[in-house]
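Have a look at the sequence and the structure before reading on.

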Amino acid sequence: MKLFKKNFIYTLVLIFSAQGVYAYEEGDIVVRAGFSKITPQSNNGDIVNVGSKSNATAAISYFFSESISAEVLLGLPFEHSIFTKTGDKVGKAKHLPPTFLVQYHLNTIGKLGPYVGIGLNHTFFLSEKATGSLEGSKLDITSSTGFVAQLGLDYELKSNLILNLDIRKHQINPSAILRGADNSAVKFDVPLDPVTVGLGIVFKF
């Protein structure tokens, strides 16, 4: 155990004391591409729960200075399963959360480049479908606009290879309308408010 602690501390010292060479400059364009997992809050509504999903994402940043950048998040649609409170699957839907953030990049710590961001997302839903016991009904989910908070970290693994960890908290609170075959309608809120964790590679231009 003592040897493990010693090696762990030694590794941290190396990481934090290593010289970083990838510092960003005014005019840089940075692309962070990889995969993200979006996890709605555990209790995301009184009627249904929405499952987690992973997919490919990419974020493009433009640096106005060494510390300030603006970022746009892009990606493929995320398809989520929808469950009743008892765990029965009753639907599915895809969503896209275009997101715009302003970022502040802290001073690099060796090969680590931390940053924080705040912005807005506009999430819209498509391909909604009722299944299982609700098959034959029509499901519609409204769009949602809300705030986003971000915590990110770039790590220079080696020359020309920078890894990225990105954590976001989205405010996504759509409403859903379920219409039955008899034209009856039930409207309910689906407060997703998910956490998104992304891992990827950084490209600087």
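**Some ground rules**

This is a predicted model, so local features are described only where pLDDT is at least 70, side-chain atom pairs count only at pLDDT 80 or more, and totals for chains, interfaces and linings use all residues. Residues are numbered from 1 along each chain as its sequence is written, and side-chain values use heavy atoms, with hydrogens and water left out.

**The whole chain**

Let's start with the overall make-up: the protein chain has one helix and 14 strands. Helices (H or I, at least four residues) and strands (E, at least two) are DSSP runs, numbered from the N terminus. Out of 205 residues in the protein chain, 38% are buried. Here, buried means under 20% relative accessible area, exposed means over 50%, and partly exposed is in between (1.4 Å probe, protein chains only).

The accessible surface of the protein chain is about 11600 Å², and carbon and sulfur atoms hold 63% of that. Those areas come from the Shrake-Rupley method with a 1.4 Å probe, and for residues only the protein chains shown count as cover. As for contacts (heavy atoms within 4.5 Å), take those in the protein chain with a separation of 6 or more: 64% of them are between residues 24 or more positions apart.

Which strands does β11 pair with? Two strands count as paired if DSSP finds at least two bridges between them. β10 and β11 run antiparallel and are joined by ten bridges, with Lys 158 opposite Leu 161 in β11. Their hairpin has two residues between the strands, and Asn 160 takes a positive phi near 70° there. β11 also runs antiparallel to strand β14 (residues 195-204), with eight bridges joining them; Asn 164 stands opposite Gly 200 in β14.

**Charged side chains**

Side chains of opposite charge can pair when their charged atoms come close.

| Pair | N to O distance |
|---|---|
| Arg 32 and Glu 71 | 3.7 Å |
| Asp 154 and Arg 32 | 2.9 Å |
| Asp 166 and Arg 168 | 2.7 Å |

Salt bridges that share partners join Arg 32, Glu 71, Asp 154, Asp 166 and Arg 168 into one network. How exposed are these residues? Arg 32 counts as buried because its relative accessibility is 5%, and Glu 71 is buried too, with a relative accessible area of 0%. Asp 154 is buried as well. Asp 166 is buried at 8% relative accessibility, and Arg 168 is buried at 4%.

The salt bridge of Arg 32 and Glu 71 has the 3.7 Å distance. Arg 32 lies in strand β1 (residues 29-39) and Glu 71 in strand β4 (residues 68-75), so this pair ties together parts that are 39 residues apart in sequence. Asp 154 and Arg 32 also meet in a salt bridge. Asp 154 sits in strand β10 (residues 144-158) and Arg 32 in β1, so that pair links parts 122 residues apart in sequence.

**Two ring pairs**

Rings of Phe, Tyr and Trp (its six-membered ring) pair if their centres lie within 6.5 Å; planes under 30 degrees apart count as stacked, over 60 as edge-to-face, and the rest as tilted. By this rule there are two aromatic pairs. Tyr 24 and Phe 63 make a tilted one, 4.7 Å centre to centre with 35° between the planes. Tyr 24 lies in the loop between α1 (2-17) and β1, and Phe 63 in strand β3 (residues 53-63), so the pair ties together parts 39 residues apart in sequence. Tyr 24 is buried at 8% relative accessibility, and Phe 63 is buried at 0% relative accessible area. The rings of Tyr 62 and Phe 64 have centres 5.1 Å apart and planes at 80°, so that pair is edge-to-face. Tyr 62 is partly exposed, at 38% relative accessibility.

**A closer look at Asn 121**

Asn 121 is in strand β8 (residues 112-130) and counts as buried, at 1% relative accessibility. A polar contact is a pair of N or O atoms within 3.5 Å; within protein, one must be able to donate a hydrogen and the other to accept it, and residues adjacent in sequence count only if both atoms are side-chain atoms. The side chains of Asn 121 and Thr 123 share one of 2.7 Å. A polar atom of the Asn 121 side chain also lies 3.5 Å from the backbone oxygen of Gln 171. Setting aside neighbours within four places in sequence, Asn 121 is in contact with residues including Pro 98, Ser 144, Phe 147, His 170 and Ile 172.

Key:
A salt bridge is a side-chain nitrogen of Lys or Arg within 4 Å of a carboxyl oxygen of Asp or Glu.
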